[in-house]
Amino acid sequence: MKIRVHVSLKPGVLDPQGRAVHHALEGLGFAAVEDVRIGRLIELDVADDTDDAALADMCEKLLANTVIENYRIEKVD
């Protein structure tokens, strides 16, 4: 089974990479961009019988820093 884990910074957490991209976009003339937040996408192939609790455990123990990041698990058909 294919799993995608979307990890993003929580609201209010400083995002220096997003700030740099926003500044670069402004420099290229894209003035309509109001804010940029950078996240990451992790793709996993797991056994079909892997339950939701195990996936959440993976995220909370390794894939996301839950102090400053949110994560969303997506099962891909």
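**Figure 1. Contacts and fold of the predicted model.** Of the contacts in the protein with a separation of 6 or more, 69% are between residues 24 or more positions apart, where contact means heavy atoms within 4.5 Å. The model is predicted: local features need pLDDT of at least 70 and side-chain atom pairs count only at pLDDT 80 or more, while totals for chains, interfaces and linings use all residues. Residues are numbered from 1 along each chain as its sequence is written, and side-chain values use heavy atoms, with hydrogens and water left out. Two helices and three strands are present, in the order β-α-β-α-β along the sequence. Helices (H or I, at least four residues) and strands (E, at least two) are DSSP runs, numbered from the N terminus.

Figure 2. Along the principal axes, the C-alpha atoms fill a box of roughly 50 × 30 × 15 Å. The accessible surface comes to about 5600 Å², with 55% of it belonging to carbon and sulfur atoms; areas come from the Shrake-Rupley method with a 1.4 Å probe, and for residues only the protein chains shown count as cover. Of the 77 residues, 22% are buried. Buried means under 20% relative accessible area, exposed over 50%, and partly exposed in between (1.4 Å probe, protein chains only). There are 9 positive and 15 negative side chains, and the centres of the two sets lie 4 Å apart. Lys and Arg count as positive and Asp and Glu as negative, without His and the chain ends; each charge is placed at NZ of Lys, CZ of Arg, CG of Asp or CD of Glu.

Figure 3. Helix α2 spans residues 52-63, and its residues Leu55, Ala56, Cys59 and Leu63 are buried. These four lie on the same side of α2 because they cover an arc of only 105 degrees around the axis, the arc being that of the directions from the helix axis to the C-beta atoms. The cover over the buried residues of α2 includes β1 (2-9), β2 (39-45) and β3 (69-76). Ala53, Lys61 and Leu62, on the other side of α2, are exposed.

**Figure 4. Asp57 in helix α2.** Asp57 is part of helix α2. Its relative accessible area is 36%, so Asp57 is partly exposed. Leu14 is 43 residues from Asp57 along the chain, and their C-alpha atoms are separated by 26 Å.

**Figure 5. Asn65 in the loop between α2 and β3**. Asn65 counts as partly exposed because its relative accessibility is 38%. Although Asn65 and Leu9 are 56 residues apart along the chain, their C-alpha atoms are separated by 9.1 Å.

**Figure 6. Val76 in strand β3**. Not counting residues up to four places away in sequence, Val76 touches Lys2 and Arg4. With a relative accessibility of 22%, Val76 counts as partly exposed. Val76 and Lys61 are 15 residues apart in sequence, and 22 Å separates them in space, C-alpha to C-alpha.
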